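The stops below are meant to be selected one after another.

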Amino acid sequence: MNTLSRASEPVAPERAVQSSPDSYYGRPILKPHVWTPFVPWYFWIGGTTGAACVHGLIARIRGDDELAEVQRWVAFGGIVTSPVLLILDLGVRHRFLNMLRVFKPTSPMSVGSWVLSALGAAVTGSLVADKVLGAPALARVCDVAAAGLGPVLTTYTAVLVSNTATPVWHEAHAELPLVFASSGIAGAGACATAFAPAAQRRSARRMMIAGAIAMGVTAREMEKRLGVLGEPYSRGTAGAFKRASSMLALSGVALALIGRSSTLANRVAALLVAGAGVCERFAVLDAGKQSAEGPKYVVHQQRETLQNGERKPLR
Amino acid sequence: MELFEPTAASAEVATYGERAQPRKGFFTDTTLCIGCKACEVACKEWNQLPADGYAFTAQSYDNTGELNGTTWRHVAFVEQPQKSRWLMESDVCKHCTHAACLDVCPTGALVRTEFGTVIVQEDVCNGCGYCVPACPFGVIDKRPEDGHVGKCTLCYDRLRDGETPACAKACPTESIQYGDLDDLRRRADERLEKVRADERFTDASLYLRGPDDGIGGAGAFFLLLDRPEVYGLPPDPVDTTRDLGKMWRRAAYAMAAIVGTIALCSVGPRA
């Protein structure tokens, strides 16, 4: 009756690809993200915009009005370009308004869409109140709202990618917000360093330098803790972006420190640090792709969790 | 209360009030699968999905490869000559109790039906792609043809007419069984006991029967003869929205760090 168990020496065809015990022909278990390069660009611009709003308000309070104006225009540029980048990434672009069809606390993308919209209204409102209506009190109210929402815009993208099955993102949910926050501070600092008058450049320079260093440190910490899961950060496109990011950040910081009183040196340094932030976002996105495509990362992490019994059962 | 409790299958079905139906699902008994791919074809036919082309993978009899936006049933073939056996498994969307795709969808295009299943409203989806990396099974995918995402609907249109989903209807060996989830679970438990009685299949297990896994159990669950990863399934799938509160807490620290750092950088006399 049982022919299968009698076949003692089955012969596999030579060309047949054997399935391994750890995966199905090495095929991905997960789908890699399908986002286009518009998304990492948005991550950087959104992050910079958020930090610029905070810096703008503090500068305004201190009476550094020219610096505050620079950050206002940086933020305005950010909130104008961000939706464009996000719409370009959509599969069905004319349905972009569906992003505001519902408010879903379980979806960081929904939360982020509303935050971006509200921040856009606050930044635009402040500009209109100051330049058109001549109502500085209203403008300051808008500035405060923008500064409150700014940090959310800077960090929600980290929560967004962490809330996926992609191992290198989800397992880094503790560090990613800090990486994105540092990069946002560095970005806003770089923008203001490039455009603010020399007399009001100090805080921007500090932000640029501190942000760039913090980004390097937090990212390194993240990769170290990820262990095997963090491998993609040293491989392929992600690895290349990672190396570029480190080199740009280091040279930017060095240049800023050496040429501290030179406007040209500061501007070049700002460009380098900004580039470092962009490269870091591209590295994160590509690492996610590699992570989802490698069944070993998925199986490794999940087997470990099962073994340690870390995951508490759901109700 | 966890953030995702309101989006659990039972909670969402309850919102239908009188129209709520008993939760429907699939029990796929892989011990009965003969790899005929009738389910794949029936699904393509009924749902009017484009064919997959003429790709030859050289991976046993599997030339379909994966589930994606236009392939909603996929038969996996695992040759195990050392164990003198072939494993075949018809994979499908799991219609999770806690569905990651549904939780992260920003437009509300992904919804829970009155049958407790998860479907994409194709006229609402704007193709943001968030559900794609969120799915712990790599099921849902963006369709290059029209930009929005697609996946198994458990034949929502047929269910509303009291019909059986196309794949289960076409399955000649009852490897794919459709019905009320409670019934299916009972049947699966009995079947598992019978299969395990055979000394060759003592490793057999029910995958995603729930509710103690990371997705709270699935609407479509499986009887497997080997470890899930052998079939290309994740051993410990999780709806990560479960940890969303923790993630926002970490983000809140980072937000505070932003304000603190920028304030510190601004300290000092004005020039």
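Begin by selecting helix H11 of chain A, residues 295–308. At 1.5 Å a residue, its 14 residues should span 20 Å, and the end C-alpha atoms are 20 Å apart, so the two values agree. The expected span is 1.5 Å times one less than the number of residues in the helix. Helices here are DSSP runs (H or I, at least four residues), strands are runs of E with at least two, and both are numbered from the N terminus.

Before continuing, note that this is a predicted model, in which local features need pLDDT of at least 70, side-chain atom pairs count only at pLDDT 80 or more, and totals for chains, interfaces and linings use all residues. Residues are numbered from 1 along each chain as its sequence is written, and chains are lettered from A and ligands numbered from 1 in the order in which they are written.

**Around H11 of chain A**

Within H11(A), colour the buried residues: Pro295(A), Tyr297(A), Val298(A), Val299(A), Gln301(A) and Gln302(A). A residue is buried if 20 or more other C-beta atoms lie within 10 Å of its own, exposed if 12 or fewer, and partly exposed in between, with C-beta atoms placed from the backbone. The cover over these buried residues includes helix H6 (167–170) and helix H10 (263–293) of chain A.

**Chain A as a whole**

Chain A contains 11 helices and zero strands. Its C-alpha atoms fill a box of roughly 95 × 50 × 35 Å along the principal axes. Of its 315 residues, 56% count as buried. Among contacts in chain A with a separation of 6 or more, 73% are accounted for by residues 24 or more positions apart; two residues are in contact if their C-beta atoms, placed from the backbone, lie within 7 Å.

**A pair of helices**

Which angle do helix H3 (residues 65–89) and helix H7 (residues 176–195) of chain A make where they pack? The angle is about 125°, with the axes 10 Å apart. That makes H3(A) oblique to H7(A). Axes are lines fitted to C-alpha atoms, for helices over the stretch in contact, and angles run from 0 to 180 degrees between N-to-C directions. Angles under 35 degrees count as roughly parallel, over 145 as roughly antiparallel, 65 to 115 as roughly perpendicular and the rest as oblique.

To see the contact itself, show Leu67(A), Val70(A), Gln71(A) and Val74(A) in H3(A), which meet Ala188(A), Cys191(A), Ala192(A) and Phe195(A) in H7(A). By class, this contact has seven nonpolar, one polar and no charged residues. Ala, Val, Leu, Ile, Met, Phe, Trp, Tyr, Cys and Pro count as nonpolar, Asp, Glu, Lys and Arg as charged, and the others, Gly among them, as polar.

**A loop residue in chain A**

Next, select Tyr25(A), in the loop between H1 and H2 of chain A. Phi of Tyr25(A) is positive, near 55°, although the residue is not glycine. Most residues other than glycine have a negative phi, and most peptide bonds are trans. Tyr25(A) is partly exposed, because 19 other C-beta atoms lie within 10 Å.

**Where the chains meet**

Show both chains together. The contact takes 85 residues from chain A and 73 residues from chain B. On the side of chain A that touches chain B, H5(A) gives the most, with eight residues. By class, that side of chain A has 45 nonpolar, 26 polar and 14 charged residues.

**Chain B**

Turn to chain B, which has eight helices and 10 strands. Of its 271 residues, 55% are buried.

Select Cys155(B), located in the loop between strand S7 (149–150) and helix H5 (156–160) of chain B. Its phi is positive, about 45°, although Cys155(B) is not a glycine. Cys155(B) counts as buried because it has 24 C-beta neighbours inside 10 Å.

Move on to Arg196(B), in helix H7 (residues 181–197) of chain B. Arg196(B) has 13 C-beta neighbours inside 10 Å and so counts as partly exposed. Leaving out residues up to four places away in sequence, Arg196(B) touches Phe201(B), Thr202(B) and Ala204(B).

Finish at Pro211(B), in the loop between strand S9 (205–207) and strand S10 (220–224) of chain B. A cis peptide bond, with omega about 0°, joins Gly210(B) to Pro211(B).
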